[in-house]
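Subject: Structure for your review

Dear colleague,

Please find below the structure I am handing over to you, followed by an account of what was found in it.

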Amino acid sequence: MLGAATARRAPATPPRGERLGFRAPGAAATTPPSYWDVLEPLLEQVRKPAQYVGGEHNQILSAWNAASTRWLLCYPDTYEVGQPNQGIQILYEILNERSETLAERAYAPWIDLEERQREQGIPTFSLEHHRPLWAFDVLAVTLPHELGHTNLLNLLDLGGVSIRADQRGVDDPIVLVGGHAAYNPEPLAPFIDAAVMGDGEEVTLEVDDALAAWKRDHLAADTAPGPDARQDLLRRLAAVEGVYVPAFYAPRYLDDGRLRQTVPIEPGVPALVPKRTVQDLEQWAYPRKQIVPMTETVHERFSVEIFRGCTRGCRFCQAGMITRPVRERRPETIQKLVEDGVRDTGFNEVGLLSLSSADHSAIGPIARDLADAYEGTTTSLSLPSTRVDAFNVTLSNELSRNGRRTGLTFAPEAGSERMRAVINKMVSEEDLLRTAETAFSEGWRHIKLYFMVGLPTETDEDVLAIADLGIKTYGIARKHGKANKVTISVGGFVPKPHTPFQWCAQDPPDEIHRKLSLIRHAIKDHGGLKLRTNDPEEGVIEGLLARGDRRVAAAVERAWQLGARFDGWHEMPTLDTWLQALEETGISLEWFSYRERDDKEALPWDHLDSGLDKTWLWEDWQDARSDKELDDCRWSACYDCGVCPGLSIEHDTGYTGGFQLPVLPQGLGGGSQQLPTAPERYASGG
Ligand code: SF4
């Protein structure tokens, strides 16, 4: 790990006013330097050098001087992790389609290269032209989870940009974050200029418009922009719906340390910042030209998002809650994206992505048509999906026509029926065992089951039920073949904002260790049943950053200063560094993570509107505590969670059925119990 001294040594950058992100009136158009010539000789000294070279098929090389706004799109992790990210690829294409906008990409250098960059004065650079971060107008960072926060600070510092937003000048880039972890950006508040809430397609272009107009206005002025110009830009960004500027809001605390409220301190900014929702995915059929990675990445496939959102209502799932409602892509659009993409990229695997892909109302025909199209070729199809039912096995059979039936993955998430009612994962043990029976009898050889421990109200009996379910599934596997395998994978639960579990206490790592030991002991006589566990310590930092408030920012900064990077990587155990940072900054895990909150306490993200009504979330939390389940509102009654009103689509039930469900609050006639479920509709050709 890098030491603190190395961490603070930033590459030299031009003084303010001589940078290129904002040119003073009359200044000549200048292209910033490429660092390739100094970078290239270093690459033979670092691991996986191909991740730094760029030049991939479908990268876009826009002309610097033809652009009036310049974006650096960044994933705060290595290229191998971040390159497949769909969000970045979508924004990359739609920004570069604009004649006066340029977008390039950047990823975090691994520590071996970072060390050499700091020695040689090479800043954070773009992949396309190896241009320095400080030359861009915007650094737009996607935060799919919280474990990239220290990397974000590191990328800024390495890029010659102050980590603190209030110390940046008019020609420094605007630092913008988006993605799921941006739904509580408070632990990053001093470091970012703005956070974008919700779907990025439309709001990114509106931010680009605001930036272009700001540059035009200031460049047209007779005088060079003064210190107020950056403030003016922040005000313009805050006027874009879905953009939150933390500097315009201040948290107020009670004497006992609880948050009282986060209030606007700038005239005209909204008290509640709404999220953005793209209502028609058909208008945003991207990425069309998926970038083919230069080296190995975590997912090597052509990916198509088949729908966005999920209304199954799993209470632990932040992604499901914040992306409501469901919006489907048409089957013919999916087919075309796949055909064009496979032909163009040469990928031999296609992933049909969503939060629960088997829930597309036309998934049967989609799977059948794609399987027909690629039968006899080397192209395989995959459906990353966690739904536990025999229908899923049928789909997987269809999609695996070209390949061997190796592994299927299901996520019951909890071992006991009671616990699954608490988390609203509506699957019975009978469903699971029947699904396993179907899968093994149809030739599948390996089933992986995903579970969590540390869920609210959990008892040791619930934990042991995970082992029991694993043993029963393994019994079925052995019945169909001695070589068949079952793996149970168990991780510690981390409560997230904007979910019904946002009020609950997180289990400390000792307790997670104890529960994992119970499972390990219970399966010890079943040698063929494999157990995989996540490191319980990983959840400590994630949990703190997920639900921390603005005070936690001091710990983020201190942890980074002490050398924390890549907090989600096994190779970089940073927990001790973090514990030191917490001690030095007086941040308590007991207070922020291991304490249950009540409904009177303000939450750090209350001023950020995910669309979910807080009262509904609280009621759902009470339902969880009394083991009460809620059906998927897509196929039953509306529970009035708050998301759909105001959206012209109301609630999308798919393109194949030709009807929309009435969206009325429960008890007002909104029930539609006679409607078929998605699989039933498929089975009947609906
Ligand atoms: S408003 Fe109703 S139909 Fe829409 S997502 Fe919420 S519960 Fe479902």
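In this predicted model, helix α10 passes helix α11 in a right-handed crossing. Helix α10 covers residues 331–345 and helix α11 covers residues 363–374; their axes come within 10 Å and cross at roughly 30°. As angles under 35 degrees count as roughly parallel, that value makes α10 roughly parallel to α11. On the α10 side, the residues that meet the partner helix are P331, I334, Q335 and V338, and on the α11 side they are P365, I366, D369 and L370. By class, this contact of α10 with α11 divides into 6 nonpolar residues, 1 polar and 1 charged.

Two further helix pairs deserve a description in the same terms. In general, a pair of packed helices is described by the angle between the two axes and by the distance between them.

From α4, the residues G87, I90, L91, I94 and L95 take part, and they meet G200, E201, T204, L205 and D208 of α7. The contact of α4 with α7 comprises 5 nonpolar, 3 polar and 2 charged residues.

The second pair is α6 (residues 149–158) with α18 (residues 553–561), which pack at an angle of about 65° with their axes 9 Å apart. Since 65 to 115 degrees counts as roughly perpendicular, α6 and α18 are therefore roughly perpendicular to each other. Helix α6 passes α18 in a right-handed crossing. H149, T150, L153 and N154 of α6 make the contact with V556, E557, A559 and W560 of α18. Sorted by class, the residues in the contact of α6 with α18 are 4 nonpolar, 3 polar and 1 charged.

I turn next to the ligand. Around the ligand there are 12 residues, of which C633, C638, Y639, C641 and C644 come nearest. The shell around the ligand consists of 8 nonpolar, 2 polar and 2 charged residues.

Some points of backbone geometry may also concern you. Most peptide bonds are trans, and most residues other than glycine have a negative phi. The peptide bond from Y286 to P287 is cis, with omega near -5°; P287 is found in the loop between β9 (273–274) and β10 (302–305). The bond from R324 to P325 is likewise cis, with omega near -10°, and P325 belongs to the loop between α9 (318–322) and β12 (327–328). K48, a residue other than glycine, has a positive phi, near 50°. The place of K48 is in the loop between α2 (36–39) and β1 (69–75).

Finally, a word on confidence. The average pLDDT of the protein chain is 88, and 89% of the residues score at least 70. Where does pLDDT stay under 50? One such stretch is residues 1–7, for which the model has 18 contacts beyond four places in sequence. Another is residues 16–28, with 25 contacts beyond four places in sequence.

With kind regards

Technical notes: Residues are numbered from 1 along each chain as its sequence is written. This is a predicted model: local features need pLDDT of at least 70, side-chain atom pairs count only at pLDDT 80 or more; totals for chains, interfaces and linings use all residues. A residue is near a molecule or strand if its C-beta atom, placed from the backbone, lies within 6 Å of it. Ala, Val, Leu, Ile, Met, Phe, Trp, Tyr, Cys and Pro count as nonpolar, Asp, Glu, Lys and Arg as charged, and the others, Gly among them, as polar. pLDDT is the predictor's confidence in each residue, from 0 to 100. Two residues are in contact if their C-beta atoms, placed from the backbone, lie within 7 Å. Helices (H or I, at least four residues) and strands (E, at least two) are DSSP runs, numbered from the N terminus. Axes are lines fitted to C-alpha atoms, for helices over the stretch in contact, and angles run from 0 to 180 degrees between N-to-C directions. Angles under 35 degrees count as roughly parallel, over 145 as roughly antiparallel, 65 to 115 as roughly perpendicular and the rest as oblique. A crossing is left-handed if the near helix is turned anticlockwise from the far one by less than a right angle, and right-handed if clockwise.
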